[in-house]
Each structure stands twice: as structure tokens, then as C-alpha cells.
Amino acid sequence: MPRALLWDRMVEVGTDIALVDLRPDKLLAHGQVVAAEPVPHACRYQLTTVDGFATDTMTVESEGAGWQREVRLERTGNSWRVITSEQGKFGSVQLPGIVDPGRLGGVLDVDLEATALTNTLPIRRLGLLGAEPGTTHTVPMAWIRVPSLQVIPVEQTYTVIDADTIRYSSGSFTADLTVDKDGFVVNYPGYASLVV
């Protein structure tokens, strides 16, 4: 059954709602984030995975006063197609997307900065729910910044702490994520807290 997830954004004034269809081996979702920082904006997203929870497509649109941006990532085998558009002017930030999509080779997951939902994908895909404490995986990721929609290749590490806690780290950043039985983030310290 589809499920509605609503997070309170703790890092700034805002909310994140996702309508999710979780199937035994894949996930379909669409949602919207409204936030006050770094400028007031809305961010809408649509996500589909293939069997095994690897991202198939991710479309994201961000919009603020006098500007709108969109990026669409489509995975085919080991490569990605990145399509972008922009209307108006969003400060002095680079264009949305990534200059060289070839830098995303080997990436299976897309992490949208604005939502805790995308942490569920590697958690499910890597079999971290119910795994032994200490189980660790480091994976390449396509990280989409919001609201600029720049796509940045990064590495992220997920480590099982206990049945309800998975440590997430990327670069010097670390957070212990509390997750529910389906792998959805219940608490992302300092970032987001699940309301329903």
C-alpha cells in the first residue's frame, strides 16, 4: 500500500512530504520539500528504482522567486543521462546538473539533499536492515544539491550500529540515522524528524 511520510526539517524552517509505494524489491515515490534556506524555495521530485532498489530515474524541480530549475537523471546500465533546464536567474550558482555525466560511472544511487527518503535506497539495496552490527558499505553516489540542482559525485558510507540505527558518513560528516522496519529514516539528527 502507498504510504505518506512527512518530515519536519530541523536544519531550517520547512517540511518534506513523500508519497511512497514500497514493493518487495523496488520503490516508487514522489514528493515535495518547502524550505526557507538558502532562499525560500519549493522542490518537487519523482523517483523510481529497478528491482534491487537501484535508482532508475530521478526528476527534481526547484523553484523560487523569479527562477525555476529542473534536472532529470536516467540510468542505463553503468552510465547516466542527465537532462537539465533553467528559467530565470538563480544567483551566481553554476548551471544545474553535471558537466561530465561520465563521472557518475558505477553509481547506483541518487541522494537528493532535500529529503531523508533517498537514504532508504542504499539501506535497502545493501541489505542493511537486520544485518550484523558493524556491517559497512561505501558506495559512489550522485548527490543532488538543493535548490541549485547541481549533481556531484560523492562517496557515502553506511554502517549498521544496531537494529534501528545506521551510521551515515560522507567526507567529514557523520550522522546516526534511526530507521523503521522498512528502512525509512525516523530521525536524522539535526536534519529531519519523521512526523507521520
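What share of the 196 residues of the chain counts as buried? The share that counts as buried is 47%, where buried means under 20% relative accessible area, exposed means over 50%, and partly exposed lies in between (1.4 Å probe, protein chains only). The model is predicted: local features need pLDDT of at least 70, side-chain atom pairs count only at pLDDT 80 or more, and totals for chains, interfaces and linings use all residues. Residues are numbered from 1 along each chain as its sequence is written, and side-chain values use heavy atoms, with hydrogens and water left out.

**Figure 1. Overall view of the chain with its 1 helix and 14 strands.** Helices (H or I, at least four residues) and strands (E, at least two) are DSSP runs, numbered from the N terminus. The C-alpha trace spans about 50 × 35 × 35 Å along its principal axes. The radius of gyration is 16 Å, which agrees with the value near 16 Å for a compact globule of 196 residues; this radius is taken over C-alpha atoms, and the globule rule is 2.2 Å times the number of residues to the power 0.38. Among contacts (heavy atoms within 4.5 Å) between residues at least 6 apart in sequence, 46% join residues at least 24 apart.

**Figure 2. The largest nonpolar core and the surroundings of I144.** A nonpolar core is a set of buried Ala, Val, Leu, Ile, Met, Phe, Trp, Tyr and Cys residues joined through side-chain atoms within 4.5 Å. The largest such core has 50 residues, and L73, L117 and I144 have the most contacts inside it. In soluble globular proteins, nonpolar side chains tend to be buried together. With neighbours within four places in sequence left aside, I144 is in contact with residues including M58, V60, V71, L73, V110 and L112. The contacts of I144 also include D111, E113, L149, Q150 and V151.

**Figure 3. Aromatic cluster of Y158, Y168, F173, Y188 and Y191.** Rings of Phe, Tyr and Trp (its six-membered ring) pair if their centres lie within 6.5 Å; planes under 30 degrees apart count as stacked, over 60 as edge-to-face and the rest as tilted. By this rule there are 6 aromatic pairs. In one of them, the ring centres of Y158 and Y168 are 5.5 Å apart and the planes stand at 55°, so the pair is tilted. Y158 belongs to strand β10 (residues 151-162) and Y168 to strand β11 (residues 165-170), so the pair ties together parts that are 10 residues apart in sequence. Y158 counts as buried at 0% relative accessibility, and Y168 counts as buried at 6%.

**Figure 4. Two cis peptide bonds, E37 to P38 and V146 to P147.** Omega is about 0° for the bond that joins E37 and P38. P38 is in the loop between β3 (27-35) and β4 (41-49). For the bond that joins V146 and P147, omega is about 10°. The loop that holds P147 runs between β9 (136-144) and β10.

**Figure 5. Positive phi angles at F53 and L149.** F53 is not a glycine, yet its phi is positive, at about 70°. The loop between β4 and β5 (55-64) contains F53, and this residue is buried, with a relative accessible area of 3%. L149, also not a glycine, has a positive phi of about 65°. L149 lies in the loop between β9 and β10 and is buried, with a relative accessible area of 0%.

**Figure 6. D180 and V186.** D180 is placed in the loop between β12 (173-179) and β13 (185-188). With a relative accessible area of 16%, D180 is buried. Its side chain makes a polar contact with the side chain of R3 (3.0 Å); a polar contact is a pair of N or O atoms within 3.5 Å, and within protein one must be able to donate a hydrogen and the other to accept it, while residues adjacent in sequence count only if both atoms are side-chain atoms. Not counting residues up to four places away in sequence, D180 touches R3, L129 and V186. V186 lies in strand β13 and is partly exposed, with a relative accessible area of 29%. Neighbours within four places in sequence aside, V186 is in contact with T178, V179, D180, A192, S193 and L194.
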